[in-house]
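Dear colleague,

I am passing on the structure below, together with some notes on what came out of it. Please read the notes with the model open beside you.

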Amino acid sequence: MSRVKGFWSVYKQNKKGLVGMGLIFFFILFALLGPRLSENHPVLDWDVGGRRVPPVWFKNLPGYQNLVPNLNPVKDVGFENSDELSAWDIESSSEDSFTFTHSTEGYEGGSGPGSILISLDRETSGPSTADIKISKTFSWDYSSPPKRFRSDLSFKAEGLEDTSLNIRLVLVDAKGEDYVLWQRDITSDTIWSYPEYKVDSYSIRVKMIFPDGVFADPARIIFNGTGDYEFYFRASFDGINPESAGTTQLYVDDLNLELMGTCFGLLGTDQWGRDVYSQLAHGAKTSLFVGLLSAFISVSIGLVVGLFAGFAGGWVDEVSMRFADMLLVIPFLPLLLILIAILGQSVLNIILVISLLGWMGFSRTVRSQVLSLKERAFIEAARAAGGSTTHIAIRHILPNIMGLVYVSLATNVPAAITAEAALSFLGLGDPSIMSWGQMLHDLVYYAAIKELYWVIPPGLCIALLAVSFVMIGFSLDEILNPRLRRR
Amino acid sequence: MSLKRYILKRILYSLVLLFFALTLNFVIFRMAPGNPIQVVASGMRLEPEMVERLIELWGLQEPLHIQFIRYLKSTLTWDFGYSYNSLEPVSREIGERLGNTLLLMGVSLFFAIIFGTVFGIYAAYKRGSLFDLTSVTISLFSYALPTFWMGLLLIYVGGYVFGQFPLAGTMSRPPPIDPILKVFDKAWHLFLPSLTLFLFQYGFWLLMMRSTLLEALHEDYITTARAKGVPERDVLFKHAFRNAMLPLVTNVALQIPGLLNGAILTETVFSWRGLGLYTWSAIQFTDYPVLQALFYIFALVTIVCNLIVDIVYGYIDPRIQF
């Protein structure tokens with residue numbers, strides 16, 4: 001304990017060391033807490049916002065004032081109880097023949113257990129047609145359109161008899177123009193169903209509604225100005241036969257309209273609409289994990305090999321050092337790449353290969369240190385006192401090279417971090433895990449170099465984390481190995 | 001006599017090392033999964049005769065030891081067989097790219113040494129000053145910056161913000177016919193990649209020069225020179241710098257293998273048609289003949305560089321024991 005205190009009192013004089021320590025502390029916090037601040041999975045959660053959109057705070061920058069956040073003007077209320085019906089405006093052609101109730105039955109794949117149940121009493125409806133409209137009006141205050149919209153619906157029709165039914169989803173813009181996003185004619189009873197295509201502005205079927213076809217951007221066409229917009233579901237009954245007594249029932253569930261904005265979160269989104277912030281936070285975890293574990297393994301290997309080589313001498317020394325030399329002459333990065341390509345792209349393989357290629361330099365240092373320590377008087381004394389080789393190695397030699405071990409750990413971590421980043425950048429990273437190198441790989445792959453909100457953070461993080469370990473290594477070197485540094 | 005023996009011993013050891021590296025190189029690729037025929041034939045239907053012809057072309061029907069001997073022979077004759085990907089002779093493909101890599105590495109190394117040395121000397125001379133502090137911090141940071149990220153930023157700045165530099169490639173397409181324009185075109189394409197690789201090394205040279213010079217400035221002969229009244233500039237350049245030349249020379253040789261790693265990343269980012277990009281694409285296609293040839297060349301370069309360092313030390317440093 002007192003040794004730790006003594007070390008700290010020296011260490012805190014060292015500015016470089018303190019800055020490095022502070023940075024690492026920050027990154028560890030970020031790796032532990034950062035991922036919790038975002039619920040989005042960095043790899044699997046696609047389309048959490050518009051694709052390739054800048055962060056929300058870009059609004060304050062010139063040229064980006066018109067950014068639209070993610071909005072959900074028509075929420076999917078779930079219809080769990082009858083109160084939730086009041087969220088909607090319901091109009092019908094004849095008040096008497098329609099009843100609107102809450103049903104506990106809902107589409108299983110949708111949200112909530114309930115649905116709206118629309119019952120049409122065929123006897124009282126009188127004329128052969130009837131009409132109902134479930135609508136919601138919202139105001140749109142943004143001068144630019146959202147990136148994308150998505151809508152959903154599920155329905156079930158029962159007791160149609162001879163009645164035919166047309167149901168449709170419609171968006172009405174501020175000028176009163178109607179856009180029918182989806183419609184279907186129903187002539188017989190159905191089970192729970194949903195639209196046959198995704199009611200999504202990215203869907204070809206939705207685009208084909210517009211004159212430009214596949215080149216149309218429905219979000220841009222519909223949201224063409226500020227004002228009140230209306231989203232409605234409409235069911236038109238036709239050919240109602242009052243003679244056949246009974247009711248026709250239509251269940252409606254999961255009605256919603258989601259608008260994906262042109263900005264998202266702290267750091268925007270990537271090509272597939274994934275949260276860049278979440279990728280950065282999970283990347284911190286990956287980088288620290290890979291860096292620390294590989295450094296630990298490679299330093300351990302180097303220490304053991306160096307101790308053995310130094311102590312045993314003879315052929316053990318010769319063989320291990322020649323093996324180290326051999327690994328040193330094959331260039332590191334190509335060897336790393338090919339080994340990962342052969343073994344498979346998993347994070348454990350990456351750690352394994354990085355550490356198996358990173359021990360050689362340190363084992364040489366340890367060996368030479370052991371060779372020089374072996375000749376010292378205190379070792380001879382220990383030997384004379386009858387200490388075994390193992391005893392001497394662990395009790396006398398090891399404490400004397402611990403300083404080197406710490407320094408080597410600190411300098412091996414940034415090497416491992418940059419190696420992992422380079423691997424991932426070249427497309428040989430673990431595809432199931434997000435890392436900073438992987439982020440840079442993705443943005444090059446999708447030609448997004450201009451997206452600075454996506455380019456800057458990962459590279460800066462790699463550099464800062466690497467620098468902080470280098471700084472700690474330098475300061476440890478100054479403190480622990482004063483003999484090695486004459487200045 | 002003893003120096004000769006020392007050099008001979010180093011050369012012999014280098015050869016042994018090269019042999020071991022070659023063996024490792026051979027073993028790694030035999031360990032690799034994936035029949036080369038599958039690699040080539042993926043996506044196209046081959047007649048059995050065609051497959052046999054390909055097996056013969058790569059000598060895959062022979063037992064492993066014969067293949068090994070043939071591989072060793074290929075390192076001497078520089079006939080590395082045919083690429084799995086392009087089916088072109090590997091040595092020709094390497095020959096086409098070698099010049100580009102040497103150009104990129106040479107230009108960036110040259111400027112990195114010049115700038116690193118000059119600023120390193122000045123930082124050592126002004127030790128503890130603001131200049132010293134900032135240049136050391138910047139070097140540390142540029143040293144740690146991921147090369148590929150630096151490349152991306154330079155593409156952004158040079159290619160989009162200023163819009164003056166090409167985003168990728170080695171030459172315009174089609175290349176200019178006039179030889180003078182051709183040189184300019186190449187230089188224009190070379191600028192950003194070599195700047196990237198320059199920044200990759202610059203920090204190292206500055207820090208190295210600064211620390212060797214600081215060490216030299218503390219030696220007794222400097223004190224003597226100052227006491228004699230030698231002008232400060234002469235002390236710096238004629239006395240201290242002269243003695244810091246040796247690590248400079250040896251570090252050039254020691255840095256080249258590391259520079260290869262940087263070149264692979266830089267060439268990939270800029271699609272610079274050199275050996276680094278070739279390595280990367282060979283890994284994408286699991287093009288083993290190409291990789292084997294490239295590994296051999298890289299190992300050879302490293303071993304030769306180390307040998308040069310050993311020999312230079314043997315000549316210059318009296319402390320080396322033969």
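How many of the 15 residues of α7(B) are buried? Eleven of them are, so this helix is largely enclosed by the rest of the structure; buried here means under 20% relative accessible area, as against exposed at over 50% and partly exposed in between, with a 1.4 Å probe and protein chains only.

Before the details, some conventions. This is a predicted model, in which local features need pLDDT of at least 70 and side-chain atom pairs count only at pLDDT 80 or more, while totals for chains, interfaces and linings use all residues. Residues are numbered from 1 along each chain as its sequence is written, chains are lettered from A and ligands numbered from 1 in the order in which they are written, and side-chain values use heavy atoms, with hydrogens and water left out. Helices (H or I, at least four residues) and strands (E, at least two) are DSSP runs, numbered from the N terminus.

Chain B as a whole

Chain B consists, in its secondary structure, of twelve helices and zero strands. Its C-alpha atoms fill a box of roughly 85 × 60 × 35 Å along the principal axes, and 47% of its 322 residues count as buried. Of the contacts in chain B (heavy atoms within 4.5 Å) with a separation of 6 or more, 74% are accounted for by residues 24 or more positions apart.

Helix α7 of chain B

To return to the helix of the opening question, α7(B) covers residues 147-161 and reaches 20 Å from its first C-alpha to its last, close to the 21 Å expected at 1.5 Å a residue, where the expected span is 1.5 Å times one less than the number of residues. Its buried residues include F148(B), W149(B), M150(B), L152(B) and Y156(B), as well as the glycines G151(B), G158(B) and G159(B). The buried residues of α7(B) pack against elements of both chains, namely α11 (389-425), α12 (436-445) and α13 (452-480) of chain A, and α6 (130-144), α8 (179-217) and α10 (232-270) of chain B. After α7(B) comes G163(B), whose phi is positive, near 65 degrees.

Where helices of the two chains meet

Two pairs of helices deserve a look; their axes are lines fitted to C-alpha atoms over the stretch in contact, and angles run from 0 to 180 degrees between N-to-C directions.

In one pair, α13(A) and α6(B) pack with their axes 8 Å apart and at an angle of about 120 degrees. They are therefore oblique to each other, given that angles under 35 degrees count as roughly parallel, over 145 as roughly antiparallel, 65 to 115 as roughly perpendicular and the rest as oblique. On the side of α13(A), L460(A), A463(A), L464(A), A466(A), V467(A), V470(A) and F474(A) meet L140(B), F141(B) and A144(B) in α6(B). By class, this contact has ten nonpolar, no polar and no charged residues, where Ala, Val, Leu, Ile, Met, Phe, Trp, Tyr, Cys and Pro count as nonpolar, Asp, Glu, Lys and Arg as charged, and the others, Gly among them, as polar.

Helix α6(A), residues 314-329, has 16 residues and spans 23 Å between its first and last C-alpha, close to the 22 Å expected. Among its buried residues are D317(A), M321(A), D325(A) and L327(A), and its buried residues pack against α5 (276-312), α8 (347-356) and α9 (360-374) of chain A together with α1 (2-31) and α12 of chain B. Helix α8(A) is mostly covered, with seven of its ten residues buried, including N349(A), I350(A) and I351(A); the buried residues of α8(A) pack against α5, α7 and α11 of chain A.

Two aspartates with positive phi

D47(A), which is not a glycine, has a positive phi near 55 degrees; D47(A) sits in the loop between α2 (15-33) and β1 (71-74) of chain A and is buried, with a relative accessible area of 12%. D254(A) likewise has a positive phi, of about 60 degrees, lies in strand β11 (residues 247-260) of chain A, and counts as buried at 4% relative accessibility.

With best regards
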